[in-house]
Every structure is written in C-alpha cells, then in structure tokens.
Amino acid sequence: MNPTIQLYDATLRDGMQGEGMSLSAEEKLRVAHALDELGVALIEAGFPASNPKERELFELLASEQFKNAEIAAFGMTRRRDAKASEDPALALLAESVAPVCTIVGKTWTLHLEKLVKVDRAENLRMIAESVEFLRGEGKRVIYDAEHFFDGWRAEPEYAIACVTAAAGAGAETVTLCDTNGSSLPSQVAAATTAVIEALGSDVRVGIHCHNDAECGVANSIAAVEVGARQVQGTINGCGERTGNANLISIIANLQLKLGYECLRDDQLARLTQTAHFVDELLNFTPDPNQPYVGRNAFAHKGGMHVAGVTADATTFEHIDPALVGNERALLVSELAGRASMLEKAATIGLELDEDAAARVLDKVKILEHEGYQFEAADGSLELLLRRETGDYEQLFELESWSVVVEMEGTGEVSTQATIRILIDGKRYERTATGNGPVNALDGALRAAIVEVHPHLREIELVNYKVRIVDEAKGTDAVTRVLIDASDGNAVWGTIGVSENLIAASWEALVDSLECGMLPSHAK
Ligand SMILES: [Zn+2]
C-alpha cells in the first residue's frame, strides 16, 4: 500500500499574509467547507484572538460540522522566563474549540542571538514546556520549527535538539519550516532525512515550504520522498512575498506521479473547482497558466499537437485532465484544423458535421483576419459554433444604445448609458449611470434583462482587457476587448473587435451574458 499523506492547509492563516488578501469571517468559513469537501485533514484557522475577525471565525467554527477536516488553532511557544501555564496566549489556545494546536518556535541560533535574545537552553525549555502544557490541556500538538532549514545549515545539532524537544514533550507532528523559502530540494531532502533518523518512527514529520526560490512544490515533494508524512501548503500558493508552497500542485504531483495517497479519486477531481473557488472569493482572476488547474493547462495549439491529442491524448498530455477536474481546451487559431473544431464542439455537446466544421473554420479564419482571437474567448467561440449549428437563441434584439460621457470644469466625470431592446417582442428602454461607458452599458442592459432572466444578476464581469491590434491586415488599427465573466463557479472569456472601443466592449459584453444563458452555465 502507498503511504498516506496528511494534508494541512494554511490558506486561512499563513496564506492571508499575502498582498491583497482579505476575507471576512464568513468567507473564511466558506473556504473551510471547500477544503473539507476537497478532503484535507487539517485546516489552520488562525490565532483564536489576534483580532476581532479571527475571534469571530472561531465563534462561527464552534458550531460547524466537518466531514473530513479538523481545525488547528495557531500560536507560538510561551514567552521566555515565564511559566507556560501562566502565558495568556497559550491559555487562549487551550480554551479554543480546535482539537489541534499548532505552535511555532525558534530553531535558528541566529534568531536567538540577534532577534529574540533568548539563550539556547531556555529556547529548548520554551518548546518542551509549551507542548507539554497543551498536551496536558487535552490538545493534540503540531510543532512548527520555524527557519528549520536555515538553522540546520548553520548548526545542525541545535536544530535537531529543537525538534527533539518538541517530540519528547508529546507533539504528534514536528513540521520543518523553510520559512525564508531559501532552500533547494537536495538540501531539504538531506535535512529531513537527518530529522527522521534522529526522531525515529514515533513522531510524524511534516514539511512547510515557501516559494522564494520557486522550489516550494519541489521542496515539499523532496521531503515526502525521504519520509515526511504531513504537507503544509496553501491553495494556489497564496501567501507572503512569493507565496507558500502550492498545495494544489503538491497534491496532484504526489498522488498522480508518485502514488502517495492524499485524496480519494472523487476528491482529487475537485482540485480545479477548489482552486478557482478560492481565487474567485479572493477576487483574483484564476491564473490561466497555472499547472494542473489553469484554463490553458491542457490547451493545445497547432495542427501537430491537436492531431496527436485527438489520436491519443498521452502523446501530448502529462496526465488525463479529468483526474484533477480540468478539461482539455483545444486552442482554435489559424493553425488549427478541422479536428480541433469537432473536438471543441463535442466538449460542449454539439453535433457538428464535417460541412459545418469547415464553415466554422472558414468563419474563424475571416474573423482572425479582422483582429479576433478566440484562444482566450472560449465563450464567444461556443456561441459561434452554436450559431452555425442552429443551437442558439438570441437573448434580445437591439434597437439602439447610446452613451454620454460628460466632464465638468471641476474635472468631475459622469457617464450615462441608455439602451433600447426587444425581448420576446416586448420593448425595454433602460438608463443607467456607471463609472465608465462599459459599466454604464452593462448596468442598463442588465436592468432590462434580469427582469426576464433573474439568474443573469449573478454574473460578474471579473476582467476587462483592451488591446489595440494593428496586425489585422488590410484595415486600420482596431480595438480588441476581452471580457472574463464568472457566475462564481465557471469563468468564460468573450471577445469584441471594432474600430470603436465602446462598440467592441458592447460585443464582448453581450456575448458574456449570452454565454451565461447556455446550458453549461445556466443555473
Ligand atoms: Zn509559513
């Protein structure tokens, strides 16, 4: 049997140290449930009282049920020259609802000497007595050895003494932290091997890496390969500076490449949706190039690749995308052949005969000549295919729209848009203001449409990109607008092209709402 790996998610505590990261207590609770569904064993929720928001989270957690996960509260070793039982921060950990407490302590002599000015023997007592105290209070304890690898490279005997103190005091896991993200895989493997030899088999060894040398994932894997059995990381690698080790890639690599047991197969298939969910909640656009779960992770361009993948996927794909809940995206471009068009149609459940495929391909070529580019506009491509097969219903009929942008002498700018459309023969005229022409048009259009299709209210425009394209042949420069829209779950891209920026935006905007009506998106 393959060894089982205990997954420890640090998104809600360590991950929140990153730039632009902010979640309310309720949102953190939603992340916790998504992590539970995914199947992680431990969720680091934070310090039970470091601020009112975290206190609120622990109050909410007190009444929650989880299927797979346990909550870990996070804190640090006792203060120097004081009793553990009299340390107010340790008392809060002891009182918290979490069955598991993770405490972090010093390992690196440089920190002891230069930073905290604690002598070596007292640091060892701080580690042992803090673990002992929490054990005595009925908690299971994970000891996070901060700066372990820097400490080990400076003074290996002392670094080992620190983790031995934690293990001897009853920690169930001793986790080695590459806090500065400074290490390389061979160094992590050597140090982890030394710890496992020193501690024996009574205590689990864990790994917690940061990505400063872009080795967060590789270092985590290196530690597991020499015997670490707990992996800490964050969803999509969010975290301070360049981030924590990306748990998403770690899980996929350990399970699919090395045969370790991290998740059940049905849980592994939730990897993509979990990664996107966390990004959306943080208001980040999911990285299309993220390994395993990105929209382009299994995208193929060029006749050779497309033909190869269609013949046998293993010729150009490192794993079956369905295993991690992703799907193959065949990029359509001037290079692509008829096969890729048929394949794209099949993935959205459309029957496309050879003639129709040829017609769509001709159409794509003409549009690309005009400045369109469908690789980031899967939504617009789907609409194009549907129009060709007749499996398409127009959302509304446009009579006209207008936009007025006005600037006062004071510099204040206001925008107002008016649309006139017909839906099922009924006429709607709506006006909206906005922070710009596209926002105002979106507001006016949405005001009319949601009366008939209320679920389109859920759709958010998450990304808006404009590029001036001068490579379009035979015409003057045109404006290309790309919009990413999301219903909170799926994300789709649409495109508009025109010599007029607002007209291009309108085209992409209408496509994004029409996509929201498609069977694959409609609720
Ligand atoms: Zn960390």
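This report covers the zinc site, the nonpolar cores, a surface patch and the salt bridges of a predicted model.

**Zinc site**

Three residues coordinate the zinc ion: Asp14 through OD, and His208 and His210 through NE2. The distances run from 2.0 to 2.2 Å. Along the chain, the donors follow the spacing D-x193-H-x1-H. Asp14 and His210 come from distant parts of the chain, 196 residues apart. Asp14 sits in the loop between strand S1 (6-9) and helix H1 (25-38). His210 sits in the loop between strand S7 (204-209) and helix H9 (216-225). The cut-off for buried is under 20% relative accessible area.

**Nonpolar cores**

The largest nonpolar core holds 93 residues. Which of its members touch the most others? They are Leu134, Phe148, Val174, Ile251 and Leu254. Helix H7 (residues 156-168) supplies the largest share of this core, eight residues.

Leu254 shows what such packing looks like in detail. Leaving aside neighbours within four places in sequence, Leu254 is in contact with Ile5, Ile221, Val224, Val231, Gly259, Tyr260 and Cys262.

A second core is separate and has 30 residues. Leu395, Ala448, Ile459 and Ile483 are among them.

**Surface patch**

Val405, Met407 and Val413 form a nonpolar patch on the surface. Together they have about 300 Å² of accessible area. Val405 lies in strand S11 (residues 397-407). This valine, Val405, has a relative accessible area of 48% and is partly exposed.

**Salt bridges**

Side chains of opposite charge can pair when their charged atoms come close. The whole structure contains 28 salt bridges.

| Pair | N to O distance |
|---|---|
| Arg140 and Glu70 | 3.0 Å |
| Arg120 and Glu155 | 2.6 Å |
| Asp511 and Arg387 | 3.6 Å |

Arg140 and Glu70 form a salt bridge that links distant parts of the chain, 70 residues apart. Arg140 is in strand S5 (residues 140-145), and Glu70 is in strand S3 (residues 70-76). Arg140 is partly exposed at 28% relative accessibility. Glu70 is partly exposed at 29%. Both residues belong to a network of salt bridges that also includes Glu172 and Arg204.

Arg120 pairs with Glu155. Arg120 lies in helix H5 (residues 120-136), and Glu155 in the loop between helix H6 (148-154) and H7, so the pair ties together parts 35 residues apart in sequence. Arg120 has a relative accessible area of 33% and is partly exposed. Glu155, at 25%, counts as partly exposed.

Asp511 forms a salt bridge with Arg387. Asp511 belongs to helix H18 (residues 501-516) and Arg387 to helix H16 (residues 378-389), so this pair ties together parts 124 residues apart in sequence.

Definitions and conventions: Residues numbered from 1 in each chain as written. Predicted model: local features only at pLDDT ≥ 70, side-chain atom pairs only at ≥ 80, totals over all residues. Heavy atoms only, no water. Donors = N, O, S within 2.8 Å, 3.2 Å for Na, K, Ca; no water. Helix = DSSP H or I, 4+ residues; strand = E, 2+ residues; numbered from the N terminus. Patch = residues over 30% accessible without salt bridge, like charges linked within 9 Å, V, L, I, M, F, W, Y side chains within 5 Å. Areas by Shrake-Rupley, 256 points an atom, 1.4 Å probe, with all protein chains shown as cover. Salt bridge = Lys/Arg side-chain N within 4 Å of Asp/Glu carboxyl O. Buried < 20%, exposed > 50% of the residue type's maximum accessible area, 1.4 Å probe, protein only. Core = buried A, V, L, I, M, F, W, Y, C linked by side-chain atoms within 4.5 Å. Contact = heavy atoms within 4.5 Å.
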